[in-house]
Amino acid sequence: MFIAQCVNIIYRNTAFGRGFTQASISSVNDIVQIRLELPRKLKVDGEYVGLWLWNPAVSFWSFLHIHPFVVTSWSEAKQEHLDLFIQPRRGFTQKLLNYSKRNESLSYSENKSNVSSSCLALFTGPHGTRAPVGEYETVLMVAGGFGIAAQLPYLKQLIYGYNTCKTRTRRVHLVWQLETIDILIAMVDPLNDALVNDTLDDGYILSISIYIEYGSADRVPFGERKRAIVYRGSADLERILKEEAAGTYIKRIQEEKTMEEEKDKQEDMVKREDMLVMVSGTNPQRDKLRGLVRGYLDEKVSLFELEFQPV
């Protein structure tokens, strides 16, 4: 078994004429970003990889450890690179941030924009269980803090699936709870990309609600056509779940048909199909949702806790 695993790792991380996997390390607002350039394309759907880096400038002993990180990039086809968003805490992840900042400082001081931050890498995986998001009409995505990283690939998958008519989903609501605005600044671009891509026939199935515990602004819109709203305080998960379970905000195709057709299908329009609640959040968030979802089990509402949960 061990020999087979080693052979698989070597196969995935090298290809004739393309060398080994390379990792580019950078940071935005104290969030570490790693892009893995793969010698062989790989299909990843919301899973995580085990990452090994050989970069003495990060840590002399970095080659002795493998660290699990969720993959935030997604594509319908196999990917040539994988994107990882990493929250520095202590130990290795803090050293990654320090290395990135030193590298950026060197780039600025020497007036160079091409100071190399690449290093040799090996990865295992992908590991974990995929959430069957495309099987549900409504998907409520709840993230706490850095839990947004685990939701991003599914957000991309849902928007793509709707645009290409490959999923049943007609309503996606991302609810993101933060203590401060810091992480939001680093994640603005991926969220805006999702909003921009959600434009098929003015369908706009995506809604984003961001709650900042210690924020000063309230009900501030941003993003494509101002469809993301930043609120002050904590998300009322009970109210949000109740509204989504009722199908209040689902845009139905029947709404664009004639009045006669609408009358004939009125009964179908008021029925919500299966709903999925996905969570990558704090312990209190997950405990709260477990209790709430139990009250909707007879209404075809399911709970899925993602592999990555923020500390």
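The questions and answers below look at strands in a predicted model.

Me: Is strand E9 (residues 138–144) largely enclosed by the rest of the structure or left open, and how many of its residues are buried?
Reply: Thr138, Leu140, Val142 and Gly144 point one way from E9, while Val139, Met141 and Ala143 point the other way, and all of these are buried. A residue counts as buried when its relative accessible area is under 20%. E9 is therefore largely enclosed by the rest of the structure, and the number of its residues that are buried is seven of the seven.

Me: Which residue in strand E10 stands opposite valine 139?
Reply: E9 and E10 (residues 171–178) pair in the parallel sense over seven bridges, and together with helix H3 (residues 148–163) they make a right-handed β-α-β unit. Within E10, the residue that stands opposite valine 139 is valine 172.

Me: Which residue of strand E14 stands opposite methionine 141?
Reply: E9 is also joined to strand E14 (residues 275–280) by six bridges, and these two strands run parallel. In E14, the residue opposite methionine 141 is methionine 278.

Me: What is the bridge partner of valine 49 in E6?
Reply: Strand E5 (residues 48–54) runs antiparallel to E6, and four bridges join them. The bridge partner of valine 49 in E6 is phenylalanine 69.

Notes: Residues are numbered from 1 along each chain as its sequence is written. This is a predicted model: local features need pLDDT of at least 70, side-chain atom pairs count only at pLDDT 80 or more; totals for chains, interfaces and linings use all residues. Side-chain values use heavy atoms; hydrogens and water are left out. Buried means under 20% relative accessible area, exposed over 50%, partly exposed in between (1.4 Å probe, protein chains only). Two strands pair if DSSP finds at least two bridges between them. A crossover is right-handed if, with the strands pointing away from the viewer, the path from the first strand over the helix to the second runs clockwise.
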